[in-house]
Amino acid sequence: MSDTAEGRKKELVSLTREGLACTRCDLAESRTQVVFGAGDPDADLMLVGEAPGAEEDRIGLPFIGRSGILLNRLLEESGISREEVFITSTLKCRPPGNRDPRAAEIESCRPWLFEQIRLIQPRVVATLGNFATRLLSGNPAGITRVHGRAQVHTFGEHTVFLYPLFHPAAALRSTGTAEMLRQDIEALPALLAGDLSGAQMGERT
Ligand code: URA
């Protein structure tokens, strides 16, 4: 494995090429295309959603539908542009009818995500919703309990702040959730700057 940013970028390109042809689970039969991820390969902030929806499946890019528009707006309001982050999802293929990801699909797909984290080496991994949060934290606690509090996690040799957030799709359904997501995203720049003085670790009790 390469230690330079340039080397890791090349490895990410190879990984993406391999991922775009993935047939590890049955979703390969129903998807239009793999939505592997997009953004800065050297990003400090990586965002991990649940699974592509209809628009993403059609175009091949993550978070370009209504959830993505809300996410872009909230990031921009906090001074973070979409170009400077890397965005992907727990599943790289759309489940038919946008049903929930199945355990076997998450298991088949997880090596892609862990490789992306290893190669991008972000400082902060923001997980959007229950599926990404449970997978990457290894904790079954729901997003309502854990959102907005940074946790320290090590993936392989790389340590990150894992930062659980509500999924923007949930924020589109509830103004209360949208406000909590806005406040949590507002705290991201301080977390990215390493200013953890205000951050509390762990779950809500
Ligand atoms: N929701 C997700 O979790 N990921 C996408 O790419 C789009 C919507």
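**The ligand and its pocket**

Guide: The space taken by the ligand is the largest pocket. A molecule counts as sitting in a pocket if more than half of its atoms lie within 2 Å of the pocket's grid points. The model is a predicted one, in which local features need pLDDT of at least 70 and side-chain atom pairs count only at pLDDT 80 or more, while totals for chains, interfaces and linings use all residues. Residues are numbered from 1 along each chain as its sequence is written, and side-chain values use heavy atoms, with hydrogens and water left out.

On a 1 Å grid over the protein atoms alone, a pocket is an open set of points with protein on both sides within 12 Å along at least five of seven lines, whereas a cavity is a set of points where a 1.4 Å probe fits but cannot get out; lining residues have an atom within 4 Å of a point. The largest pocket has a volume of about 620 Å³, a volume being the space filled by probe spheres set on the points. Its lining comprises 27 residues, and those nearest its centre are Glu50, Ala51, Ser67, His167 and Ala169. Two or more lining residues come from each of α3 (54-59), α4 (66-77), α6 (130-137) and α8 (168-173), helices being DSSP runs (H or I) of at least four residues, numbered from the N terminus. The most is given by α8, with 4 residues. By class, the lining has 12 nonpolar, 8 polar and 7 charged residues; Ala, Val, Leu, Ile, Met, Phe, Trp, Tyr, Cys and Pro count as nonpolar, Asp, Glu, Lys and Arg as charged, and the others, Gly among them, as polar.

Around the ligand itself stand Gly49, Glu50, Ala51, Pro52, Glu56, Pro62, Phe63, Ser89 and His167, each with a heavy atom within 4 Å of it. This shell has 4 nonpolar, 3 polar and 2 charged residues.

A polar backbone atom of Glu50 is 2.5 Å from a ligand oxygen, and a polar backbone atom of Phe63 is 3.1 Å from an oxygen atom of the ligand. From His167, a polar side-chain atom lies 2.9 Å from an oxygen atom of the ligand. Taken alone, the ligand exposes 240 Å², of which the protein buries 93%; these areas come from the Shrake-Rupley method with a 1.4 Å probe.

Technical notes: Polar contact = N/O pair within 3.5 Å; in protein donor to acceptor, adjacent residues only side chain to side chain.
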